[in-house]
Amino acid sequence: MRAIDMKIDVTAAAELGQDAHVAVTITLPDPSTMPSAPIVCFAKPGGGYSRGYYTVDLPGPARGAQADWHAQRGWIFVSVDHLGVGDSSIHDAAILDYTTTAAANMAAEAEVLRLLSEGALVEGFPKIVDPVKIGIGQSMGGCLTIIQQGRYHCYDGVAVLGYSAVHTHPPVRPGTEPIVAPWLPRDTLLHGAVPVVVNAGAVENFKSKMAMRGPTSGTAEHPMLWGFHFADDYDAEMKEMALIDLARFFHIHDPAKQVGVVCQPWGSLTTPGAVAQSCLTPGAVAPEAAAITVPVLVGMGERDTTADVPGEPRAYRSAPSVDIFVCPRMSHMHNFAATRGLFWERIARFADWAACYKASRQNPGQ
């Protein structure tokens with residue numbers, strides 16, 4: 001295997017009136033392990049995370065990075081930092097909306113495919129022409145994968161991981177107060193528009209309840225721990241690492257709080273803010289999800305953000321197939337879980353199906 005880091009100019013596609021680039025890591029397999037129909041996977045991280053979520057051997061009870069796992073099985077695995085994330089160019093978070101962020105990702109991925117098709121990425125690596133293109137995304141990355149596919153129809157299959165096209169909602173430990181996230185319609189996120197919170201009453205009621213409780217004790221569990229990390233399986237050291245991971249969320253988009261903060265190699269202290277603001281709104285990606293015409297895998301942990309698991313296929317009304325996989329002993333941050341290998345295996349099996357479906361469409365008589 002070989003990993004290549006690149007920063008790809010996307011200034012024209014982003015249309016921000018300023019220089020913009022998207023950072024990617026391309027993990028290449030030994031060419032002898034590639035299938036006859038090569039697979040190129042583009043993987044997008046969730047909010048508060050960077051492409052390191054896929055390329056780093058994350059702490060936890062399992063071993064190995066997802067990019068390496070798939071490359072060892074013959075995939076070309078491309079891990080992507082959205083604009084405003086990780087090593088990609090940083091901009092005012094408020095202007096990084098769905099249209100801008102998806103257009104930038106699309107341009108960067110098209111350039112990777114061009115380099116692969118011309119054999120210009122790495123000397124000696126074979127030309128990859130007409131590969132099976134798989135798009136995967138975790139959490140907010142799943143949201144942006146839906147947007148990109150619905151608008152550009154660029155993949156032969158999409159795996160939406162830990163994100164609901166119907167309603168994404170952060171889970172909490174049973175018996176604790178449910179989180180109430182603001183719901184912002186996408187049209188209120190246009191440049192210069194005043195944000196509108198359509199569930200403002202519920203949000204204010206939630207804030208009032210939290211204020212009445214006062215400060216939590218030092219022994220109180222982090223509200224996101226149960227839903228984000230399957231820490232029941234962890235020893236004390238691993239549970240502490242999960243808490244270190246979650247601590248970053250108190251600093252995102254607040255420069256005053258970021259002084260001296262060390263961000264883990266899989267994390268990001270910035271996000272495409274306009275997307276992050278509204279991706280928990282019910283139906284936020286409904287038009288694009290309904291327009292997807294390739295196979296879809298909806299993958300999640302047993303503790304995850306999908307509010308209505310059985311109802312999820314209805315969002316993908318144009319897709320020829322929608323598979324659901326709920327991975328045991330896994331919370332929302334899938335790649336930290338002990339069962340992450342099983343999760344990756346399910347994604348690999350899905351890609352085989354997407355390849356088969358693509359071949360049947362190209363050769364309908366066979």
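1. Axes here are lines fitted to C-alpha atoms, for helices over the stretch in contact, with angles running from 0 to 180 degrees between N-to-C directions. Keep in mind that this is a predicted model, in which local features need pLDDT of at least 70 and side-chain atom pairs count only at pLDDT 80 or more, while totals for chains, interfaces and linings use all residues. Residues are numbered from 1 along each chain as its sequence is written, and side-chain values use heavy atoms, leaving out hydrogens and water.

2. Strands (E, at least two residues) and helices (H or I, at least four) are DSSP runs, numbered from the N terminus; two strands pair if DSSP finds at least two bridges between them.

3. β1 and β2 (residues 21-28) run antiparallel and are joined by eight bridges. Across from Asp-9 you'll find His-21 in β2.

4. Next, the helices on the sheet.

5. How do α4 and α5 meet? Their axes come within 9 Å and cross at roughly 75 degrees. The two helices are therefore roughly perpendicular to each other (65 to 115 degrees; under 35 is roughly parallel, over 145 roughly antiparallel and the rest oblique). On the α4 side the contact includes Tyr-98, Ala-102, Met-106 and Glu-109; on the α5 side, Cys-143, Leu-144, Ile-147 and Arg-151 are among the residues. The contact of α4 with α5 divides into eight nonpolar, four polar and two charged residues (nonpolar: Ala, Val, Leu, Ile, Met, Phe, Trp, Tyr, Cys and Pro; charged: Asp, Glu, Lys and Arg; polar: the others, Gly among them).

6. Then there are the aromatic rings. Rings of Phe, Tyr and Trp (its six-membered ring) pair if their centres lie within 6.5 Å; planes under 30 degrees apart count as stacked, over 60 as edge-to-face and the rest as tilted. By this rule the count comes to 10 aromatic pairs. One of them is the tilted pair of Phe-42 and Tyr-155, at 6.3 Å centre to centre with 40 degrees between the planes. Phe-42 lies in strand β3 and Tyr-155 in the loop between α5 and β6, so the pair ties together parts that are 113 residues apart in sequence. Phe-42 is buried at 1% relative accessibility, and Tyr-155 is buried at 3% (buried means under 20% relative accessible area, exposed over 50%, partly exposed in between, with a 1.4 Å probe and protein chains only).

7. Tyr-54 and Phe-77 make another tilted pair, 5.9 Å centre to centre and 50 degrees between the planes. Tyr-54 belongs to helix α2 (residues 52-55) and Phe-77 to strand β4, so this pair ties together parts 23 residues apart in sequence. Ring pairs link Tyr-49, Tyr-53, Tyr-54, Phe-77, Phe-228 and Phe-249 into a cluster.

Technical notes:
Contact means heavy atoms within 4.5 Å.
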